[in-house]
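Hi,

Here is the model I promised to pass on.

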Amino acid sequence: MNKMRVKCIKCKKEWQKDSSLSWGREDITSSLCDSCFRKTITPVIHRKQLYRGHLDCFDKPGNYCDEFQCNYRKWCSRAKEAA
Ligand SMILES: [Zn+2]
């Protein structure tokens, strides 16, 4: 499996990911790392949660979630334990 260089457009962190294509040493793809992705997406999800009449609890500190109907449960760190 080939490796592809990926660089976070926000924090400039670099990592590699598997790729079926072959990439040169200077080839690099811009993306968002996991933590920057979460920081970017969290306010958007909060707005959607409020709009749907839920609490804007996504990824807030805590380890309990009873919003079983929430569309974002699968990405939420609060709901990880209670799958
Ligand atoms: Zn980042």
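Lysine 12 sits in the loop between S1 and strand S2 (14-19); helices (H or I, at least four residues) and strands (E, at least two) are DSSP runs, numbered from the N terminus. Before going on, a word on where this comes from: it is a predicted model, so local features need pLDDT of at least 70 and side-chain atom pairs count only at pLDDT 80 or more, while totals for chains, interfaces and linings use all residues. Residues are numbered from 1 along each chain as its sequence is written, and side-chain values use heavy atoms, with hydrogens and water left out.

Back to lysine 12: its phi is positive, about 70°, although the residue is not a glycine. Lysine 12 counts as exposed because its relative accessibility is 53% (buried is under 20% relative accessible area, exposed over 50%, partly exposed in between, with a 1.4 Å probe and protein chains only). Aspartate 59, in the segment after H1, also has a positive phi without being a glycine, near 60°. At 22% relative accessibility, aspartate 59 counts as partly exposed. Why flag these? Because most residues other than glycine have a negative phi.

**The chain as a whole**

The C-alpha trace spans about 50 × 25 × 20 Å along its principal axes. Of the 83 residues, 25% count as buried. Among contacts (heavy atoms within 4.5 Å) with a separation of 6 or more, 14% are between residues 24 or more positions apart.

**The zinc site**

Which residues hold the zinc ion as protein donors? They are Cys8, Cys11, Cys33 and Cys36, each through SG, at 2.2 to 2.4 Å (donors are N, O and S atoms within 2.8 Å of the metal, or 3.2 Å for Na, K and Ca; water is not among the atoms, so sites may look incomplete). The spacing of these donor residues in sequence is C-x2-C-x21-C-x2-C. Cysteine 8 in strand S1 (residues 2-8) and cysteine 33 in the loop between strand S3 (28-31) and H1 link distant parts of the chain, 25 residues apart. Cysteine 8 is buried at 1% relative accessible area, and cysteine 33 is buried too, at 2%. The arrangement is tetrahedral because the four donor atoms subtend angles of 102 to 115° around the zinc ion (for four donors, all angles must lie between 85 and 135 degrees).

Glutamine 49 belongs to helix H1 (residues 34-51) and is buried, with a relative accessible area of 1%. A polar atom of its side chain lies 3.0 Å from the backbone nitrogen of phenylalanine 58. Beyond four places in sequence, glutamine 49 touches His54, Leu55, Asp56, Cys57, Phe58, Cys70 and Tyr72.

The largest nonpolar core has five residues: Ile45, Phe58, Cys70, Tyr72 and Cys76 (a set of buried Ala, Val, Leu, Ile, Met, Phe, Trp, Tyr and Cys residues joined through side-chain atoms within 4.5 Å). Leaving aside neighbours within four places in sequence, tyrosine 72 is in contact with Ile45, Lys48, Gln49 and Phe58.

Cheers

Definitions and conventions:
A polar contact is a pair of N or O atoms within 3.5 Å; within protein, one must be able to donate a hydrogen and the other to accept it, and residues adjacent in sequence count only if both atoms are side-chain atoms. Four donors count as tetrahedral if all angles lie between 85 and 135 degrees; four count as square planar and six as octahedral if opposite donors are over 155 degrees apart and all others between 65 and 115; anything else is irregular.
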